[in-house]
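Here is a short briefing for a first look. Keep the structure open beside the text as you read.

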Amino acid sequence: MQAKLRDLLITNILAIVLGIAASGLMLLFLGKNPLNAYSVLITSVVRDGYTFADIFVKATPLMFTALAFAFTYKANLYNIGAQGQFYIGAVIAAAGSLLLQNILPGWLVLIITLLLTIVGGGLWGAFVGFVKARYNSNEFLVSMMSTYVALAIMNYSLRTFLMETKAEYPQTDALAASVWLPRIIPGTRLHIGFVLAVLACVGVWILLYKTTLGYRIRAVGYNAGAAEMSGINAKKLYILAFFISGALAGVAGFTEVNGVQHMLVQGFNPDLGAAGIGIAILANGNPIGIIFAAILFGALKVGGTIMGQMSGIPSSIIELMQGFVMVFVILSYFVRTWLENNREKRKLQRAVAK
Amino acid sequence: MINLLSATIMMGTPLLFGALAEVIAERTGMMVTAIEGIFLMGAWAGFVGGYLSGSLMVGFLSAMLAGLLVASLYGWICIYLKQHQVVTGVAINLLIVGLCSFLYRVIFGVPITPLTVNPLTTIPIPLLSEIPLLGPILFNQTILTYIIYVLAPLSYFMLYKTSIGLTIRSAGENPEAVDVAGINVLKVRFLTVLLAGVMGGVAGAFYSIGFLGMFTTNIIGGRGWIAFAICFLGNWNPKGAVIGTLAFGFAEAIAIYMQSIGNSALFPNELFIALPYIMTIVLTVSRKSFSVPAKLGVPYLKEN
């Protein structure tokens, strides 16, 4: 167990370093010195508190989408539609806040909106689980397709009933300050959604490893047939797992709209779903590991944005870094299995030699 | 109406390229989940090659090469390193988005007006194109469509009537038997993934240099996934893929037509854009029996 954990840490850190180095090498194509760029990057991240706090702001929605993937993954299901569930959550958060902000006190609006996004994102996700359970559809395909439908719904509502009063751009009016998520540290953008995200990670960990429901979900993931034999209703669990997964991704929409953007803008955060999957595999599906992996991806995002503002470096460097890190993380899985096999082999050889 | 059907065939062409590629690879047990990335890389390489050389032929060749490269990375990780196909595909797709927009910037800087090339023109086939009704629909298309007319029956013949096809299908149903027969399962899978990469590259290039004449990073917008879906809905059979493609091509032709006539009050634009995706969901729900390749998505591990 000790050796396994050591392997996990070393290979993952190596994967991250290699991923960042590979994207640094790409900068050479632009005639930029990557060492220069990275040193400017690090100094500007650490220099002021606002930028540093932004890492945790960016990590907040990523924790939710990563949890969304990791949760169904434990049941051996693939929810790659977190992006769509996030969009649904964002639309509901914006619509709910705009509708209620002048009627009810701010704190009440926030609670109601949060609950609405949980239900909305959850139902959107549960639909995938439902067609999987009822019609044996491929959940991977359906969740992927549902993302594009959610995108169309978001675009439609931004063009019609949610459109700003000026009717110029596809975005909503700004939310009243009373329904903004309160800031934790004044002078930064860090809001209480971050605490919510960390609590969600801890909560999902408890749910998965300390409750019967979590045990059942993991049992279905390990061997659905055997779980059914022992009296677990796998179909019901598919729907429930997808509801929870969708609800988690939906809350990301709430924290982004009420916590960061304070409005809904067309096509914002288009890579949350994919990055969430990357974070989940980096953390090996562990909800506590997701906290740290999400902070790392948040740092990549903030760093990439700063680099994008430097002269001549395009902002696509963010996707490049995320993509390279993800590919190297997958390679590190291979290296870990290889190390583990070698260790077992040596153990056997020693046993035989005796 | 003739325009709409002709557009159906045209918009269906790249989808069928992708779907056939996916059918052949999935028959060996390999889901090509990197298909979206392969399409995008093909669109990018096709545009870059076509723009810089001034020849669309060079564009399509570079697209094939680019698709091949992405597919070989995907195949190496999934087949030889035995990593998970869904997760690997998602990672590669994200990487390709970054890579394409970054390298576009490296090569072209920030152009003031969007760069364009003249896309493929239609070639009416003498005599055949003059058949009333069918002629203009089927035989006034680009060269890619004529190629797919040949490729579709060819891939069916290859899969079901040749020993290569038997090997391919067995690799996905009973890889141990293939192994015992002295054929390298991993190699069979890798080669079909490479083939899928080449075909997917061409499909991607259709969007950039076969149709629009320009490149943007959202040019594919999920079409790779649609090809992936068509393979599922077509029951892993080239015949089914053709039928599925016609349905999706028609949905896309309607979407383009609706956008061109502007917003109608009754049906919003977005409904038509979402139509192919809604259709996929409805079809996966309504189809009862699937003949999924037994080892689809399962890495092949040799005993010892």
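**Briefing: two helix pairs and a chain contact**

Helix 3 of chain A makes a right-handed crossing as it passes helix 4 of chain A. This is a predicted model. The predictor gives the complex an ipTM of 0.88 and a pTM of 0.90.

**Helix 3 and helix 4 of chain A**

- Helix 3 covers residues 49–74 of chain A, and helix 4 covers residues 82–100.
- Their axes lie 10 Å apart, and the two helices pack at an angle of about 130°.
- Angles over 145 degrees count as roughly antiparallel and 65 to 115 as roughly perpendicular, with the rest, beyond those under 35, counted as oblique.
- Helix 3 of chain A and helix 4 of chain A are therefore oblique to each other.
- From helix 3 of chain A, the residues that meet helix 4 are T65(A), A68(A) and F69(A).
- Helix 4 of chain A brings A82(A), Q85(A) and F86(A) to this meeting.
- The contact of helix 3 with helix 4 of chain A counts 4 nonpolar and 2 polar residues, with no charged residues.

**Helix 5 and helix 10 of chain A**

- Helix 10 of chain A spans residues 234–261.
- The axes of helix 5 and helix 10 of chain A come within 6 Å. They cross at roughly 145°.
- Helix 5 of chain A passes helix 10 of chain A in a crossing that is right-handed.
- By class, the contact of helix 5 with helix 10 of chain A holds 17 nonpolar, 12 polar and 2 charged residues.

**Chain A as a whole**

- Chain A has 13 helices and 0 strands.
- The radius of gyration of chain A is 22 Å, close to the 20 Å that the globule rule gives for 354 residues, so chain A is as compact as a globular protein of that length.
- The C-alpha trace of chain A spans about 80 × 60 × 35 Å along its principal axes.

**Where chain A touches chain B**

- Chain A gives 38 residues to the contact, and chain B gives 32 residues.
- Four helices of chain A each supply at least two residues of the side that touches chain B: helix 5 (106–135), helix 6 (139–159), helix 11 (272–282) and helix 13 (317–353).
- On that side of chain A, 28 residues are nonpolar, 8 are polar and 2 are charged.

**Confidence in chain B**

- The average pLDDT of chain B is 88.
- In chain B, 96% of the residues score at least 70.

How values were computed. Residues numbered from 1 in each chain as written. Chains lettered and ligands numbered in written order. Predicted model: local features only at pLDDT ≥ 70, side-chain atom pairs only at ≥ 80, totals over all residues. Contact = placed C-beta atoms within 7 Å. Nonpolar A, V, L, I, M, F, W, Y, C, P; charged D, E, K, R; others polar. Axes fitted to C-alpha atoms, helices over the stretch in contact; angles between N-to-C directions. Left-handed = near helix turned anticlockwise from the far one by under 90°. pLDDT = per-residue confidence, 0-100. Rg over C-alpha atoms; globule rule 2.2 N^0.38 Å.
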